[in-house]
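Reader: I would like to go through the labels on this structure and ask what stands behind each.
Author: Good. Here it is.
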Amino acid sequence: MGTYDVTALGELLIDFTENGISSQGNPVMEANPGGAPCNVLSMLNRLGKKTAFIGKIGRDMFGDQLRAACEEVGIDTKGLMTDEEVHTTLAFVHTLEGGDREFSFYRNPGADMMLKEEEIDYDLINNSKIFHFGSLSMTDEPCLSAQKAAMAAAEKAGCIMSFDPNLRPPLWKDLADAKVAIEYGLEHCQILKISDNEIQWLTGKEDYDEGIAIVREKYNIPLIVLSMGPDGSRAYHNDLRIEVPAFKNPATIETTGAGDTFGACVLNYVLEHGLRDYTEEELVEMITFANAAASLVTTKKGALRVMPTKAEVDEYLASMQ
């Protein structure tokens, strides 16, 4: 089945991250290639997988930079469209005390929202083992219809469906719309990667296990992985629930892309072992590797171009034993 291991659809944008203060006392911003779906694909490429991306950028210097960055890390960009009128989407990331982040988006509209149904390269989807998607392409038309069409095609083609809600409240006119979109994603996925604050927001339950139980009962998703930042992560599968602590790294500078790196490693495990009934030991193996890779990416600025290799993750794990 398939030429591609994973095809993802969604946002590709520039993350402007703070990089010190200029001699004149102004904040210096670094233009990092970003967008969760391509971060996931980049990590998969590092692990030796073949990936493709479907999305849209503007005809501008940032669009050119993003296309070049994707090609540099080995992501197939033939599904990446260019909008003649709307500029590439930008995000400004402000890191708060303690490492949390605040986002300001320049996306009203941004090129990533302008992907149309008729621009989708269905060959990429039809020839993929996994189709990965998020919720940022579901905030507005025309990209909402485009994503739904792509999801329907992926299901028809027998792709394993992978969903990361990746909730960004500032991008939604109303969080009720976000809930509807994310519930649509939950109805159509077999692998769910969700974060601690997302499961609390979605279910209204403080306790993560209670929240996950609600989602599992309603949507019957075979594999759910929960990322909890510095508290590590959990996997829920059949009647198993495992938890693996985070690898705290003294060299951590920012957490951009950690969740995407983690999610990519889970997809890589599924690609290598099939989506089947896993044992407790296998889940621990899956999540431990994913946590280690996520820990490594926090020691670098940005994400897309700085993902670790399998050898680097293995070496890091060995050093932690």
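Reader: Which exposed residues does the face of α2 turned away from its buried side carry?
Author: Met61 and Asp64. Exposed means over 50% relative accessible area, buried under 20%, and partly exposed in between, with a 1.4 Å probe and protein chains only. A word on the source: this is a predicted model, where local features need pLDDT of at least 70, side-chain atom pairs count only at pLDDT 80 or more, and totals for chains, interfaces and linings use all residues. Residues are numbered from 1 along each chain as its sequence is written, and side-chain values use heavy atoms, with hydrogens and water left out.

Reader: Which residues of α2 are buried?
Author: Phe62, Gly63, Leu66, Ala69 and Cys70.

Reader: How do you know that the buried residues of α2 line one face?
Author: Look down the axis of α2: the buried residues fall within an arc of 125 degrees, so they line one face of the helix. The arc is taken from the directions from the helix axis to the C-beta atoms.

Reader: What do the buried residues of α2 pack against?
Author: Strands β2, β3, β4, β5 and β6, and helix α1. Contact here means heavy atoms within 4.5 Å. Helices (H or I, at least four residues) and strands (E, at least two) are DSSP runs, numbered from the N terminus.

Reader: What about α4: what does it reach from its first C-alpha to its last?
Author: It has 14 residues and reaches 20 Å, close to the 20 Å expected. Its buried residues include Leu144, Gln147, Met151 and Ala154. They pack against β1, α3, β8, β9 and α5. Just after α4, Gly158 takes a positive phi of about 80 degrees.

Reader: What makes α1 oblique to α8?
Author: Their axes come within 8 Å and cross at roughly 50 degrees. Axes are lines fitted to C-alpha atoms, for helices over the stretch in contact, and angles run from 0 to 180 degrees between N-to-C directions. Under 35 degrees counts as roughly parallel, over 145 as roughly antiparallel, 65 to 115 as roughly perpendicular, and the rest as oblique. That makes α1 oblique to α8. Residues in the contact include Val40 and Met43 of α1, and Ala264 and Leu271 of α8.

Reader: Why is Asn220 called exposed?
Author: Its relative accessible area is 65%, and the cut-off for exposed is over 50%. Asn220 lies in the loop between α7 and β11. Its phi is near 55 degrees, a positive value in a residue other than glycine. Most residues other than glycine have a negative phi, and most peptide bonds are trans.

Reader: And why is Asn238 called partly exposed?
Author: Asn238 has a relative accessible area of 40%, which lies in between the two cut-offs. Asn238 is not a glycine, yet it has a positive phi of about 50 degrees. It lies in the loop between β12 and β13.

Note on methods: The expected span of a helix is 1.5 Å times one less than its number of residues.
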